[in-house]
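Dear colleague,

Please find the structure below, together with its sequence. My notes on it follow.

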Amino acid sequence: MADTRHDPAVGEEQPVCAPEESPLADRSEDQERRAAEDEEALSQHGGIHGAEPSLNQFRLKKFFVLRPGTLNQAVKDVEAMVDEQEGGSVLSIWLMAEVDHWNNEKERLVVITDKFLLVFKYDFLMFHCDQIQKIPLNIVDRLCYGPFTFPKRSLLQREGEGLRIFWDRLREPTFISRWNPFATDLPFITFTSHPVRTINESFSALCNMEKFREQLKDAAQKAHTIKPVPGKANGVLVLNQSIFIEVYVGLMSFLGNQNKLGYCMARGNIGF
């Protein structure tokens, strides 16, 4: 899918072609240029230095984030939404999957700034941000990292490890919030690795949960020091323990996760 959006400070760049070259060669050069832009974007955020992405791998995969030029445009878009006067500078950008309290998996771009953890629901097909969740780092008080667990009688299971971020240890989710699949007032958020983490070394670094945890911990500790919350013990507690999801049947989440409905993907003739 061609990238139709451009940075307003930069003019449109067209590939230089010799008269004898065919249109197919033009498109190939344009794809290589866009892939190079993606690699540059990856190297500039989070200290990522990986192998050059393979265009053949991009063609074989259905995730729109792997299309040449897509990630580069997404990074520009989310950076433009960060108010440096309010939130400080951008420290790093990550590609993650959010797991909600009903075990639904959703694609997310996550930005760590000096003062906030920003979670973007980004449409990689339409190049548009649909939703932003802003979490002040100075209220983050606990990070739990470990495997996912479910109740003993649950029919669900989830492989891999997750990171759950808490920001109000004194407030427990209400009964209504726990059983409402659309609840947004929960005092935590949970992430796991994005499926494209194995595509190459660059995306592996962009989706690295352990490095994300370390950078988030350091940024939160610094935010606590600069702006402590009155009447609250400041500091971030890091725990290695299982991530509990209280879901017993979860038919809708099972079907949604199996078909990757929470991701921007090519689905036959219909795009998400």
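Where is the place of K260? K260 lies in the loop between α8 and β10 (266-267), where helices (H or I, at least four residues) and strands (E, at least two) are DSSP runs, numbered from the N terminus.

Please note that this is a predicted model, in which local features need pLDDT of at least 70 and side-chain atom pairs count only at pLDDT 80 or more, while totals for chains, interfaces and linings use all residues. Residues are numbered from 1 along each chain as its sequence is written, and side-chain values use heavy atoms, with hydrogens and water left out.

**Two residues with positive phi**

With 25% relative accessibility, K260 counts as partly exposed; here buried means under 20% relative accessible area, exposed over 50%, and partly exposed in between (1.4 Å probe, protein chains only). F127, likewise a residue other than glycine, has a positive phi near 55°. F127 sits in the loop between β3 (116-123) and β4 (128-136), and F127 is buried, with a relative accessible area of 4%.

Within α8, the residues S253, G256 and N257 are buried. These three are on the same side of α8 because they cover an arc of only 95° around the axis, the arc being that of the directions from the helix axis to the C-beta atoms. On the other side of α8, L251 and Q258 are exposed. The cover over the buried residues of α8 includes β2 (105-113), and contact here means heavy atoms within 4.5 Å.

L251 also belongs to a nonpolar surface patch of about 1100 Å², made together with L155, F175, I176, W179, Y248, V249, M252, F254 and L255. Patches are made of residues with over 30% relative accessible area and no salt bridge; like charges are joined within 9 Å, and nonpolar side chains (Val, Leu, Ile, Met, Phe, Trp, Tyr) within 5 Å. The accessible areas come from the Shrake-Rupley method with a 1.4 Å probe, and for residues only the protein chains shown count as cover. Both α5 (175-178) and α8 (251-258) supply at least two residues of the patch, and α8 gives the most, with four residues. V249 is found in the loop between β9 (243-244) and α8. V249 is exposed, with a relative accessible area of 53%.

**Helix α7**

Buried in α7 are M209, F212, R213, L216, A219, A220, A223 and H224. Seen down the axis of α7, the buried residues fall within an arc of 140°, so they line one face of the helix. On the other side of α7, K222, T225 and I226 are exposed.

**Salt bridges**

Side chains of opposite charge can pair when their charged atoms come close. A salt bridge is taken as a side-chain nitrogen of Lys or Arg within 4 Å of a carboxyl oxygen of Asp or Glu, and by this rule the count comes to six. The following are among them.

- E214 and K217 form a salt bridge, with the closest N and O atoms 3.3 Å apart. Because they are three residues apart in helix α7, they are separated by about one helical turn. E214 is partly exposed at 34% relative accessible area, and K217 is partly exposed at 23%. R213, E214 and K217 are linked in a network of salt bridges.
- R158 pairs with E105, the closest N and O atoms being 2.6 Å apart. This pair links distant parts of the chain, 53 residues apart: R158 is in the loop between β5 (142-149) and β6 (161-166), and E105 is in strand β2. Both R158 and E105 are buried.
- K106 and D100 meet through their side chains at 3.3 Å, N to O. K106 is partly exposed, at 26% relative accessibility, whereas D100 is buried, with a relative accessible area of 8%.

**Helix α6**

S204 is in helix α6 (residues 201-206) and counts as partly exposed, at 33% relative accessibility. The C-alpha atoms of S204 and H194, ten residues apart along the chain, are separated by 9.1 Å.

Yours sincerely
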